[in-house]
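Trainee: I am new to this structure. Please show it to me, and then let me ask how to read it.

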Amino acid sequence: IERTLSIIKPDATARNLTGKINAKFEEAGLRIVAQKRILLTVGQAGTFYAVHKERPFFGELTEFMASGPVVVQVLEGEGAIMKNREVMGATNPADAAPGTIRAEFAQSVGENSVHGSDSPEAAAEEIAYFFSGLELVG
Ligand code: GTP
Ligand code: MG
């Protein structure tokens, strides 16, 4: 059974959307096996998003991710990585399929409400960044 790292981003926590977003995950058959609400520093957000450090939006992205609380969580299920990305929808909400989290809740390509790991390697690394094994309760 697969696990993926999900983040409910500051634009979504600010609008009290944690429960509605979690309902989308659970309706899709994803189980929330770990979850916590934290406030990242810009430095911690930069370490998390290090793969994007050469991108022009890196500063905007890391400042946004540190601008308010995030909910970091581990989702478990068959094909959880791809399933989560389907439920999230396209990065740009203008391109996101109807019914997806980003279609319903995201405000822009930057303030797009959720993050999800994009590969098994990324999922393992991202889960380990935020959680110890003891915190994962399947
Ligand atoms: P994640 O699950 O968050 O990784 O989304 P993604 O895989 O759909 O997008 P990608 O990895 O390409 O980009 C990572 C994040 O950077 C996005 O989710 C956005 O929050 C942000 N981002 C991407 N493009 C832009 C942009 O043009 N401007 C800004 N401000 N942020 C962007
Ligand atoms: Mg990505």
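Trainee: Which way do β1 and strand β4 run, and how many bridges join them?

Mentor: Two strands pair if DSSP finds at least two bridges between them. Here three bridges join β1 to strand β4 (residues 114–116), and the two run antiparallel. In β4, H115 is the bridge partner of I7. Helices (H or I, at least four residues) and strands (E, at least two) are DSSP runs, numbered from the N terminus.

Trainee: How many bridges join β1 to β3?

Mentor: Seven, and these strands run antiparallel. E2 has its bridge partner in β3, namely G77.

Trainee: What should I know about the model before going on?

Mentor: This is a predicted model: local features need pLDDT of at least 70, side-chain atom pairs count only at pLDDT 80 or more, and totals for chains, interfaces and linings use all residues. Side-chain values use heavy atoms, with hydrogens and water left out, residues are numbered from 1 along each chain as its sequence is written, and chains are lettered from A and ligands numbered from 1 in the order in which they are written.

Trainee: What is the mean pLDDT of the chain?

Mentor: pLDDT is the predictor's confidence in each residue, from 0 to 100. The chain has a mean of 97, and 100% of its residues reach 70 or more. The model scores ipTM 0.91 and pTM 0.95.

Trainee: How many residues of β1 are buried?

Mentor: Buried means under 20% relative accessible area, exposed over 50%, partly exposed in between (1.4 Å probe, protein chains only). In β1, five of its seven residues are buried.

Trainee: How many salt bridges does the structure hold?

Mentor: Side chains of opposite charge can pair when their charged atoms come close. A salt bridge is a side-chain nitrogen of Lys or Arg within 4 Å of a carboxyl oxygen of Asp or Glu. The structure holds four. One of them joins R3 and E76, at 2.8 Å from N to O. R3 lies in strand β1 (residues 2–8) and E76 in strand β3 (residues 70–77), so the pair ties together parts 73 residues apart in sequence. R3 is partly exposed at 28%, whereas E76 is buried at 12%.

Trainee: Which residue forms a salt bridge with K24?

Mentor: E104 does, with the closest N and O atoms 2.9 Å apart. K24 is in helix α2 (residues 18–27) and E104 in helix α6 (residues 101–105), 80 residues apart. K24 is buried, at 17% relative accessible area. E104 is partly exposed, at 45%.
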